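Please look over the sequence and the structure before reading on.

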Amino acid sequence: CVEPRAAAQVEQALLHRESMGETYIPPLQAVLLHSFTPAVPGCRLGYLKAEPPVYEKGRALQGALVLLAPDAEDGIPADVMQAVSAILIEQPALMPLLRRGSRDEAAALLEKELGERFRQALSLRIGR
């Protein structure tokens, strides 16, 4: 966020979500920091690398995935967040790309996977 007020909104939203329960994902060795907030105009995904990795409570933490979506009444940001969360688990090539900082490759993989998921959803809706 460029504006300090928006950054504070994101911080509060993430802290609130974290207070609701554990977000560590063992297969990814990462926490998923995610929330809906009016501070972002569209869905956002980022990866914060822990350098060196953090080891606590018998688990390794290599980084944090940050997934933000705007508050919206139509539910589309929630659908996108759910799809991205599923892709993170189901597509093993994505996490290494994020950890290496291969932004363009990670974006291309996400675009491909999201495109396929939403094509399938549209086909189901129109009966094809």
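Does Arg59 count as buried or exposed? In this predicted model, Arg59 has a relative accessibility of 19% and counts as buried, because buried means under 20% relative accessible area. Its salt-bridge partner is Glu56, and the N to O distance between the two side chains is 3.1 Å. Glu56 itself is partly exposed, with a relative accessible area of 34%.

Side chains of opposite charge can pair when their charged atoms come close. Across the whole structure, a search finds 6 salt bridges, and the table lists some of them.

| Salt bridge | N to O distance |
|---|---|
| Glu56 and Arg59 | 3.1 Å |
| Arg117 and Glu90 | 2.4 Å |
| Glu116 and Arg119 | 3.6 Å |

Arg117 and Glu90 form a salt bridge in which the closest N and O atoms are 2.4 Å apart. This pair links distant parts of the chain, with Arg117 in helix H4 (residues 103-126) and Glu90 in helix H2 (residues 76-90), 27 residues apart. Arg117 counts as partly exposed at 24% relative accessibility, whereas Glu90, at 54%, counts as exposed.

Helix H4 also holds both Glu116 and Arg119, which lie 3 residues apart, or about one turn of the helix. The side chains of Glu116 and Arg119 meet in a salt bridge of 3.6 Å, N to O, and Glu116 is partly exposed, with a relative accessible area of 36%.

Notes: Residues numbered from 1 in each chain as written. Predicted model: local features only at pLDDT ≥ 70, side-chain atom pairs only at ≥ 80, totals over all residues. Heavy atoms only, no water. Salt bridge = Lys/Arg side-chain N within 4 Å of Asp/Glu carboxyl O. Buried < 20%, exposed > 50% of the residue type's maximum accessible area, 1.4 Å probe, protein only. Helix = DSSP H or I, 4+ residues; strand = E, 2+ residues; numbered from the N terminus.
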